[in-house]
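Subject: Handing over a structure

Dear colleague,

I am passing on the structure below, with some notes on what was found in it. Please have it open beside you as you read.

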Amino acid sequence: MGAGASLENLPDKVDEAKAKEIFGDNFDQAKFDAAKAEDGTITKDQLLEALKKPADDGAAASAAPAPGAAPAEEADAWWLTAGEVDEANPRNTDEFKYRTYKERPPMVHTSEGGKHKSLMCKHLTPELFEKLKDAKTPKGYTLSSAIQTGVMTPHLGVGITAGDEESWEVFKEILYPVIQGWHGFDPNTQKHTSDLDANNLNMTPEQVEKFNKYVASTRIRAARNVSGFSLPAGATAEERAGVAKVLQEAFGKFEGEMKGTYYDLGSMTDEQKEDLRSNGFLFQKPKPTNLLTYCGAARSWPNDRGIFHNDARQILCWVNEEDHCRIISMSKDGDVKSVFARFAALSDGIKTSVESGGSKFQFSETLGFLGTCASNLGTGLRASVMIKLEKLNENVELLEKICAKFDLQPRGSAGEHSAAVGAKWDISNKQRIGFSEVQLVQKMIDGVDKLIGLEEKLAAGGELVEGTDY
Ligand code: ADP
Ligand code: MG
């Protein structure tokens with residue numbers, strides 16, 4: 001939150017200058033403009049409401065707070081200065097320094113009345129911390145680096161990052177329980193499975209019609225990381241540039257409908273960025289509440305980050321955001337099967353292309369595709385629809401509960417931890433591993449189908465009964 005502007009004695013109407021003073025760096029012009037009255041002010045209540053929402057949400061807007069939102073005003077919290085700065089870390093930059101924790105930081109899990117919500121906090125006992133604290137991957141990633149973002153950002157659900165593919169083995173005693181807690185997948189007994197055949201998906205013409213009525217757009221994405229290079233949380237500038245080079249060469253070999261152009265983030269104009277962001281095509285610069293900031297993955301922004309898209313903008317690839325590459329298939333309708341077919345073609349196409357250049361993706365028989373976050377292992381697949389749920393939006397807690405029952409994950413309209421502006425929600429599968437790609441997309445189709453049914457029931461004046469409706 002912005003400079004400690006006093007909230008006492010606030011006038012009933014707050015003008016732009018005052019809102020800027022209160023929100024500081026988090027002031028969001030677009031949201032202020034959308035919320036302001038004809039006289040150019042927002043009400044005190046709107047402002048106080050917006051302050052309760054995550055920093056990502058910016059100024060006042062008629063938006064439901066998102067699940068997993070970061071609490072405001074924690075500027076002097078102990079977790080921001082716990083441990084010591086690791087001055088000798090060669091990956092430090094002027095704006096980011098890795099930290100070292102000599103003992104387990106005094107995080108207390110939310111289930112025990114503490115502030116830290118993550119599975120890392122829950123499973124990292126003092127004994128396990130002692131056991132792993134001096135472990136290091138061959139590329140130099142440590143337990144301290146892995147937990148830094150989870151220590152410094154208490155609202156995160158996972159709270160631990162991998163800095164390279166070896167982290168998944170070196171830190172598995174903490175990572176496996178986190179994987180199990182997030183996905184319900186036990187790496188000790190289960191194996192990653194894959195099915196990329198769109199013909200195995202079931203979506204009836206009636207369902208397509210229903211989706212087209214409610215869904216503004218569909219998006220299916222997965223993470224892919226290039227073997228041999230550290231992941232963004234641990235990468236040196238040379239590694240980051242190396243990854244961008246491998247991927248750009250791969251995009252250059254795409255043919256037919258997949259053919260397109262790569263745009264370097266640092267050289268893009270503001271108009272280009274805004275155009276891509278307003279369509280949900282491009283990632284945002286990570287804010288402090290995003291897991292990327294305190295794990296070091298946002299260092300030297302925007303160097304060697306970028307986006308590839310084909311001419312129809314249905315196939316997109318992000319470079320060096322949370323993972324080396326996010327492969328994405330999108331469409332402005334609810335025809336999930338076609339979006340998945342294009343996703344599968346992209347998954348195959350980029351694999352072939354990267355391998356023809358002598359590289360390969362990070363992959364393990366047990367954990368599937370490896371990446372930065374335990375929440376994106378295995379298939380790494382997140383199939384989402386952007387959907388307006390006006391009735392369910394009136395009770396976000398209920399929406400969250402229903403989503404949890406259907407193995408769905410609700411996010412706000414501008415990505416993880418953002419608010420649902422205009423009752424628009426991003427609803428996707430929650431798991432990424434333990435099920436094949438087809439099974440996960442099927443879970444999303446079936447779950448969203450039920451969610452639409454519940455929305456319609458509420459709109460018709462009905463009530464939802466736990467145990468019967470969800
Ligand atoms: P991910 O981690 O899957 O990349 P994020 O939550 O970081 O997703 O969001 C990335 C961007 O993609 C955001 O701008 C978000 O609004 C957009 N997005 C996600 N799902 C959809 C969708 N179905 N339609 C349009 N945009 C979407
Ligand atoms: Mg993301």
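Predicted model: local features only at pLDDT ≥ 70, side-chain atom pairs only at ≥ 80, totals over all residues.

Residues are numbered from 1 along each chain as its sequence is written, chains are lettered from A and ligands numbered from 1 in the order in which they are written, and side-chain values use heavy atoms, with hydrogens and water left out.

Strand β10 covers residues 325-331, and seven of its seven residues are buried (under 20% relative accessible area, with a 1.4 Å probe and protein chains only); strands here are DSSP runs of E, at least two residues in length, numbered from the N terminus. In a regular strand the side chains alternate between the two faces of the sheet. In β10, Cys-325, Ile-327, Ser-329 and Ser-331 are buried on one side, and Arg-326, Ile-328 and Met-330 on the other.

Two strands pair if DSSP finds at least two bridges between them. Strand β6 (residues 215-224) runs antiparallel to β10, joined by seven bridges, and Ile-220 has Ser-329 as its bridge partner in β10. Strand β9 (residues 315-319) also pairs with β10 in the antiparallel sense, over five bridges, with Leu-316 opposite Ile-328.

Ser-384 lies in strand β13, residues 382-388, and counts as buried because its relative accessibility is 5%.

Best regards

Technical notes:
Helix = DSSP H or I, 4+ residues; strand = E, 2+ residues; numbered from the N terminus. Buried < 20%, exposed > 50% of the residue type's maximum accessible area, 1.4 Å probe, protein only.
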